[in-house]
Amino acid sequence: MGTCIICGASADGHICDTHEEDVLFEFRGSSPDELTNGRYYKGTVDGFADFGVFVNLASSVTGLLHRSEVPGRLESLDWDAGDTVFVQVDSVHDNGNVDLSWSIRQREREFRGLLIDDPDAPTNAELPEETAEPSSEPEPEPEPEPEPDVEPEPDVESESTEPEPEPEPESESESEPAVEESEDVESSSEEADSESASEAESAEAETGTESAEAASESAEDEEPERVAVADLEERIGDVVEIRGRITSARQTSGPTVFELTDETGAVDCAAFVEAGVRAYPEVGEDAVVRLVGEVERRRGDLQVETEELEVLGSEEREAVVTALTEALNERAAPTDDSLLVEDEDVEAVHDDLVAAATAIRRAVVEDRPVVIRHTADVDGYIAGTAVEHAVLPLVREEHAASDAEYHFVDRRPLDQDFYDVSAATDDVTNMLEAADRHGERHPLFVLVGTGSTAESVEGLQFLDIYDAPAVVVDGGWADDEAVEAADVLVSPTVYGEQSAATGTIGAHLGALVNADVRDDLAHLPGVPFWSDVPDIYADAAADAGYDTDDLAAMRDAVALEAFYNAYQGKRELIADLLWSDEEDTDSDLREHVAGQFRTRLDREVDTADPHLEDLEIDGVDITVLDVDAFTHRYDFPPVDLLLDALHRRRSEGDVTVGWDSDELRFRSDETLDVRAVAEAVADDAPDAGVTAKGGRDGHVEFLRGERDDVLDAALDAVAATLE
């Protein structure tokens, strides 16, 4: 039995089941069946095929990473034969074939430790040799070496090669006094020499001691020079002091690695106590510290070998934080704060767009992931994709790892137009797991087409409890409660303006986030319009090489793909639909998907049209559709898209109402306050549990047992609101 190098729990080897996928393994076996499914292994690229990449896990063990496992196109991988890569073993077949899965972590430092998977070892999760645990038994003392047989050295006085003549014997009485006198003289001489040498040695020792003590005191008094992270490249081999914020702390099988960020950059700092033991446990993420250590280059990257690490006091901390904040704000400020085109409706939220862009850019600089949550409709996809398209290059510039864009940018659609506790719980769960498993900072959440109404306040507050910032971008109605709950909220209605297309506002935001992609985004503001595209956006698209037919095809194609696999961002597919021209093969894809959209929408409109009920109430023309009875529920198109199409095609109706067993949805040529309608219905049907969802431009929910009474009350309320 051993202990887990991450949590210290008892384990068969040096990793527990909970953290099995957090570490990297080096395989020392010789047969595929000795691999362990689910583990991440270090390998080398053996070769490429149309269907994937072959990766050697050992000299005689090779696996296949199928192209379907690779995020993005296989051709986009910057791997070459012989490159070191990291993969997960998915399964081992009876015939010896090994199926591999993609690892988002493609640097050893991104794992929380390195272990050895050796079938011949006591366990298949052993520490590497250089960090193996020391034996508890004391090492035996070495036996003394035998002294060599050496002839005694001759006396100095007997160096002559010829023997001296022997003196004649004297009488005992004559010789004794001479001997005594000689001994006294020699003894006196030796004592004098000894005293003289002793005094000299004592004086020399005292001088040496004083000199050493002075040198020691001088060394102690001399503080290491404080340098900026950006200057460490020139200080390799020096012991220096750096100050900054700890942005991550991860435990490896050897040292604890702290990432320290100052106003000029970030660097990894390794601190070692013993293998797998957390160094400086009192220093956590976001701590502002002083660190002293030697600058080294390890595997091509700069690293500081930590000798001292301490949390700064309030005054010193404030100085560091101020410098960090000023530097971050300077780096995060948009390089071009002008809109894509001059639009009065968008100009009303210009300052808020700049604030949102700054928050997004700052998240990239702070190594904070950007999570984009948007509605699963054309507006949500256009706006969310525009922001994603702007952030990706910034992440590539900030992080050298080839897979960083898949790690630091995540775009996920929502199935509703408000950000409730359910959505927030899902996000917080993923966030906390990433922080626990990989030491990841809490992300910035960018809520697009959602999050601006009172129904989203609880979800926003849930994020705030964990200090996860949120930026809200919504062309629709915004409530004061949501404005206060979000870090930044962008909506024209905050300033008393009419609602606008979220996709259009999101495209302007993307241009502010990254000026280098402005040309790529120039046509996107005109895509979300279902009727005539405003001239300013049609002209901008034409300048970018797209006419209004192209914009319509993009809109229709995205609308269809938004419906399928609703919880997936479909990054590469959406990019193919939005960025192509007539000479590009992707334009054929766009026209193909757009054609499917039109065919399916026309078929469903034709199915529903005979069952529309035209009413006139207090001079207001209302068209009613029983969605449950006269549509193919859960097939394309979704109810909202179908009602939009029906309302556009029936010009004689002021309002179109779709109702099913427990919801009412409205489409109106004039601004219709759905909250006011819901309040009126609740007064007429107090037992129906009536509530508005999604703000003034949302929908109404009720108890299905009160369906008929709710519909009658709703039609009267709509007529009263619009008359």
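**Exercise 1.** Is Asp-684 buried or exposed?

*Solution.* First, know the model: it is predicted, so local features need pLDDT of at least 70 and side-chain atom pairs pLDDT 80 or more, while totals for chains, interfaces and linings use all residues. Residues are numbered from 1 along each chain as its sequence is written, and side-chain values use heavy atoms, leaving out hydrogens and water.

Next, the cut-offs: buried means under 20% relative accessible area, exposed over 50%, and partly exposed in between (1.4 Å probe, protein chains only). Asp-684 has a relative accessible area of 55%, so it is exposed.

**Exercise 2.** Find the helix that holds Asp-684.

*Solution.* Asp-684 sits in helix H18; helices here are DSSP runs (H or I, at least four residues) and strands are too (E, at least two), numbered from the N terminus.

**Exercise 3.** Work out what ties Arg-39 to Asp-117.

*Solution.* Start with the bond: the two form a salt bridge, with the closest N and O atoms 3.1 Å apart.

Then place the partners. Arg-39 is in the loop between strands E3 and E4 and Asp-117 is in strand E9, so the pair links parts 78 residues apart in sequence.

**Exercise 4.** Count the salt bridges in the structure.

*Solution.* There are 38.

Key. Salt bridge = Lys/Arg side-chain N within 4 Å of Asp/Glu carboxyl O.
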